[in-house]
Amino acid sequence: MKNLYRPIESVIEDIKSETPNITTYRFRPKEPISFEAGQFVELTVPGVGEAPFTPSSNPNITDTMEITIMAVGTVTEALTKMKVGDTVGIRGPYGNGYNLADFEGKEILIMGGGVGLAPLRSLILALFDDVDKYKKISIRYGARTPEDIIYKNLLPEWAKVKNTEVLQTIDQPHPDWKGTVGVVTVLLDDLPLVTTVGVEGLPFNPETAVACVCGPPIMLKFVNVALLDKGFKPENIYHSMERNMSCGLGKCGHCMMGEFYICKDGPVMTAAQIAEFDDPF
Amino acid sequence: MGGDRPGILGVAPSGFQEKYDTPFQARGPARMKEVFIGSENLLKLIGRWAKDHRVYVPVTFDIMNNEETPDYDLVKDAVPETMQLHGAAPAHSAKTFVFYPREVVANYPSSDAEANVEAPSTVVVGPRGCDVRGLAKFDKVYWSTKHFTEEHDDPFIIEKRESTYIVSIDCTAAKETCFCTAVGGKPFAEEGFDLNLSPLGAGCIVTVGTERGASLLAGSDDLFREVTQEHKSERDKNRASVTEAVDRQNAQFAIDQPYDKRDLASSEDAWAYVTQNCVGCGACNRVCPTCTCFLLVDQRAKGGYERSRNWDTCLSIGYARTGGGGNSRPALAQRLENRLRCKFEYSRDRYDLVTCTGCGRCIDACMGRIDMREAIKHVVTEKAKA
């Protein structure tokens with residue numbers, strides 16, 4: 001029988017610093033790993049252990065995989081000591097991704113907070129591959145300071161893609177920042193809806209529009225409230241749930257939330273699925 | 001199992017039926033053939049098994065504090081004189097034979113795509129009704145079922161499950177902490193075994209549950225006699241008397257008002273009260289016949305690294321902790337609540353099982369003397385007051 005716990009050897013091909021503690025790694029697995037946007041993998045730092053990450057690269061590329069990682073724990077700290085040419089392990093993919101067929105013909109709102117934009121990047125790249133299928137792609141991104149913004153060079157490029165807009169904010173005023181200031185929900189204050197008086201361009205139809213949210217738990221909580229308030233349907237709000245997915249197989253129990261295993265039923269879950277929980281985030 | 005018995009811990013009230021739709025249950029029609037074997041001949045039969053299999057039997061250990069709970073020992077040259085088939089369940093649950101406390105599950109970097117599992121043919125004599133019922137949770141979590149896809153079959157559990165013969169035994173006595181009948185079970189197994197032994201005064205009735213079980217009896221016809229009406233009525237009398245004893249000692253934990261499993265989602269105060277004496281040691285998880293959770297640990301080993309799977313406890317603070325320090329259950333009371341609701345609520349929703357089998361081991365093992373029967377009653381009663 002196939003061994004579910006075996007990591008696939010993967011060589012670090014490139015390391016790119018995004019912020020002082022966030023880095024994008026490009027890995028080349030010995031066996032191609034294909035995934036859907038939103039699914040996650042278990043990354044092994046040899047002898048240290050595993051941690052779950054959603055890839056940041058285009059899911060249509062299977063021979064290499066990029067993951068943008070913030071150094072915050074045992075595995076991620078150990079990863080910062082590794083160099084190009086070193087070997088790590090990857091298992092997966094696991095869990096449910098976004099059902100892109102459901103997104104066709106709709107406005108898509110992408111809300112990222114901090115390093116939470118990293119998993120959304122694989123979704124964004126997948127959407128860009130079929131950009132004509134979607135009415136509109138609105139990327140709204142909040143970071144703590146200008147220094148904490150990831151994909152600094154990519155964001156302006158994304159804004160040039162057809163039917164795509166990029167809006168940004170930072171939490172606190174900063175001398176180098178001329179744009180919007182405030183936590184990421186401020187980017188929802190003026191969200192154009194079909195019902196908005198005098199609306200121009202491509203407004204959101206909250207009855208059908210899709211929102212994909214990823215960021216710290218506190219952000220998910222407030223964005224969820226704000227979106228429901230705007231009339232978005234719970235079944236169209238997709239959250240990336242953060243739990244301690246360890247085996248990825250629905251067995252070890254670490255990511256359990258009530259009867260759900262986030263590694264099987266998530267990590268992408270709709271607001272409708274988690275509505276029964278008082279504080280799911 | 002489950003069903004019409006009044007579940008004092010709330011198993012039956014909503015008419016909930018457990019579903020044992022696991023690969024083990026699908027192992028072929030139970031023939032339920034029965035034979036009688038005398039005590040001397042049973043020793044011979046177990047001795048024959050020991051030639052071809054690893055055989056574990058419950059024995060009483062001579063230990064300093066004179067505890068009498070039997071536990072499993074490997075049959076080596078002869079069946080130990082201290083073998084004890086009577087009484088209540090052995091100290092360890094049957095899960096120990098398919099889910100090892102620590103097991104290497106991968107070596108890397110150069111690991112085989114196929115799992116390398118050591119699963120010698122093993123006969124386990126001694127699991128009780130509660131233990132057999134507990135294995136159903138393992139089958140559902142680790143074996144391919146409608147719940148998960150085949151690609152997530154766990155070779156380490158499945159191969160051991162396939163190579164392990166379950167020879168269950170009827171309880172002939174209840175210990176104080178037994179409460180199987182309160183959670184829809186019985187002090188004897190009706191399914192899920194290869195063979196079942198019903199101990200009588202002068203021997204046992206052997207019931208065949210599966211074809212594999214029948215294979216353990218093949219070639220030993222010289223040892224068996226026909227089951228008589230007297231044998232059957234002795235067994236029925238024993239089963240009824242142990243059932244009655246378990247019912248009687250748990251009457252005090254009965255919950256008067258009807259309630260739904262969701263009533264376990266009670267106030268924080270009720271769970272905090274229940275948790276007062278909990279130190280989060282996880283002893284309850286380790287002895288539990290249905291605790292399936294594990295921790296993966298990587299470390300250096302010969303030729304590279306190895307990954308082991310270790311029994312884990314959902315009561316530890318690090319269990320749900322994520323990178324960066326987030327924790328969905330930072331308080332011990334939240335973790336104990338999660339453990340008990342997992343047994344009575346989450347497993348019902350996910351696996352169609354009540355995964356407390358009433359074996360009472362968690363009560364025996366708890367250094368804080370937390371009794372989950374009292375805990376559940378307290379939480380539900382507080383909810384009713386609110």
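The following legends describe close-up views of a predicted model.

In this predicted model, local features need pLDDT of at least 70 and side-chain atom pairs count only at pLDDT 80 or more, while totals for chains, interfaces and linings use all residues. Residues are numbered from 1 along each chain as its sequence is written, and chains are lettered from A and ligands numbered from 1 in the order in which they are written.

**Figure 1. Overall build of chain A.** The secondary structure of chain A comprises six helices and 15 strands; helices (H or I, at least four residues) and strands (E, at least two) are DSSP runs, numbered from the N terminus. A box of roughly 60 × 45 × 35 Å, taken along the principal axes, holds the C-alpha atoms of chain A. Of the 281 residues in chain A, 48% are buried. A residue is buried if 20 or more other C-beta atoms lie within 10 Å of its own, exposed if 12 or fewer, and partly exposed in between, with C-beta atoms placed from the backbone.

**Figure 2. The two domains of chain A.** Chain A is divided into domain 1 (8-94) and domain 2 (100-270), with bounds from an automatic or database domain assignment. Taken over C-alpha atoms, the centres of domain 1 and domain 2 of chain A are separated by 22 Å. Their contact takes 22 residues from domain 1 of chain A and 20 residues from domain 2 of chain A; two residues are in contact if their C-beta atoms, placed from the backbone, lie within 7 Å. On the side of domain 1 of chain A that touches domain 2 of chain A, strand 6 of chain A gives the most, with three residues.

**Figure 3. Strand 1 of chain A and its partners.** Strand 1 (residues 8-19) of chain A pairs with strand 2 (residues 22-29) of chain A in the antiparallel sense over eight bridges; two strands pair if DSSP finds at least two bridges between them. These two strands of chain A form a hairpin with two residues between them. Within this pairing, A:Phe27 in strand 2 of chain A is the bridge partner of A:Ile12. Strand 1 of chain A also pairs with strand 6 (residues 87-94) of chain A, in the antiparallel sense over four bridges, and A:Gly89 in strand 6 of chain A is the bridge partner of A:Glu9.

**Figure 4. The seven-stranded sheet of chain A.** Seven strands of chain A form an open sheet of mixed pairing, in the order 10-9-8-7-11-12-15. Strand 10 (180-181) and strand 15 (268-270) of chain A stand at the edges, each with a single partner strand, so one side of each is left without a neighbour in the sheet. Strand 7 (residues 107-113) of chain A and strand 11 (residues 210-214) of chain A pair in the parallel sense over five bridges. A:Met111 stands opposite A:Val213 in strand 11 of chain A.

**Figure 5. The contact of chain A with chain B, and a helix of chain B.** The contact takes 35 residues from chain A and 38 residues from chain B. Strand 10 of chain B gives the most to the side of chain B that touches chain A, with five residues. Helix 2 of chain B has 14 residues, and 14 of the 14 are buried, so this helix is largely enclosed by the rest of the structure.

How values were computed:
The expected span of a helix is 1.5 Å times one less than its number of residues.
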